[in-house]
Amino acid sequence: MRKKLVVGNWKMHGNRASNALLLSGLKEAGPWTADVAVCVPFPYITETALALTGAQIAYGSQDCSAHEQGAYTGEVSSAMLADIGCRFAIVGHSERRAYHQESDQLVADKAKAALAHGVTPIVCVGETLAEREAGQTEHVVKRQLAAVIHTLTHCIGEIVLAYEPVWAIGTGLTATPEQAQAVHAVLRQQLRAATQKADAMRILYGGSVKADNAAQLFAQPDIDGGLIGGAALKAADFSAICRAAG
């Protein structure tokens, strides 16, 4: 049995006061049977680490650089993230792919850089509404994952994968459990062709996951938890999703 993982992606939200309240609420609500983590904006990672001292909640970043170090103003390396104790780094989120034109290869390079420093990349894949309506879902997600498999080779088994249909992120729309499971099964099969660790790897679902639909989604055989956006900003909502993963 793969242990469920629930990761909160705060995106560009929060301040010191609201973060403290949120983290305090999560600490009071836990621990949970599932593994739990929060990926927070760069300025708040160290404060988050201090706030979570003694709690069974991991923390990470929402991105990382593909570079080790150097003249890359505004970038944050995986070595820096490891230095402050980050367990995870989200790479290839659809917002990064869309707003910053991140290519499949750049996402793969970021994943490789994270693994090199012991930070687990949460690699996101997913299709747009136009791509789904054109019947291209499987082609798109397999292409995105293929770049990571090709770049990481035997290390592919060390990542966490997240399927996030772009049309369901922040829209209130959610893939049905059956729709999500179908894509997760495709991804699992692709991983099986690349590594013997495929059946132990966790594939998360992200896309308007809420307390009232989490249990049905997490009950699917290839859905191993969630990458949670808006609902991760409220302690009660996020805690309920974490309980559903138990």
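I looked up Q101 and found it exposed, with a relative accessible area of 62%. Here exposed means over 50% relative accessible area, buried under 20%, and partly exposed in between, with a 1.4 Å probe and protein chains only. The model is predicted, so I kept to its limits: local features need pLDDT of at least 70 and side-chain atom pairs pLDDT 80 or more, while totals for chains, interfaces and linings use all residues. Residues are numbered from 1 along each chain as its sequence is written, and side-chain values use heavy atoms, with hydrogens and water left out.

**Backbone exceptions**

I returned to Q101 for its backbone: its phi is near 50 degrees, a positive value in a residue other than glycine. Q101 sits in the loop between α4 (94-99) and α5 (104-116). Helices (H or I, at least four residues) and strands (E, at least two) are DSSP runs, numbered from the N terminus.

S208 is not a glycine either, yet its phi is positive, at about 60 degrees. I located S208 in the loop between β7 (203-205) and α9 (211-218), and at 14% relative accessibility it counts as buried.

I also noted a cis peptide bond between G30 and P31, with omega about 0 degrees. P31 belongs to the loop between α1 and β2. Most residues other than glycine have a negative phi, and most peptide bonds are trans.

**Helix α1**

I checked the span of α1 (residues 16-29): its 14 residues reach 20 Å from first C-alpha to last, close to the 20 Å expected at 1.5 Å a residue. The expected span is 1.5 Å times one less than the number of residues.

Which residues of α1 are buried? I listed N19, L22, L23, G25 and L26.

At the N-terminal end of α1, I found N15 as the cap, with a side-chain oxygen 3.1 Å from the backbone nitrogen of A17.

I then examined Y44, in the loop between β2 and α2. Beyond its neighbours within four places in sequence, Y44 is in contact (heavy atoms within 4.5 Å) with G14, N15, R16 and N19. Y44 and N19 are 25 residues apart in sequence and 8.4 Å apart from C-alpha to C-alpha.

**Strand β1**

Five of the five residues of β1 (residues 5-9) are buried, so I recorded the strand as largely enclosed by the rest of the structure. L5, V7 and N9 point one way from β1, and V6 and G8 the other way. β1 runs parallel to β2 and is joined to it by five bridges; pairing requires at least two DSSP bridges. Opposite G8 I found V38 in β2.

**Cysteines**

I searched the whole structure for disulfides, that is, cysteine sulfur atoms within 2.5 Å, and found zero. C155 is in none; the nearest cysteine sulfur, that of C64, is 15 Å away. C155 counts as partly exposed, at 27% relative accessibility.

C242 is buried, with a relative accessible area of 0%.

Technical notes
A polar contact is a pair of N or O atoms within 3.5 Å; within protein, one must be able to donate a hydrogen and the other to accept it, and residues adjacent in sequence count only if both atoms are side-chain atoms.
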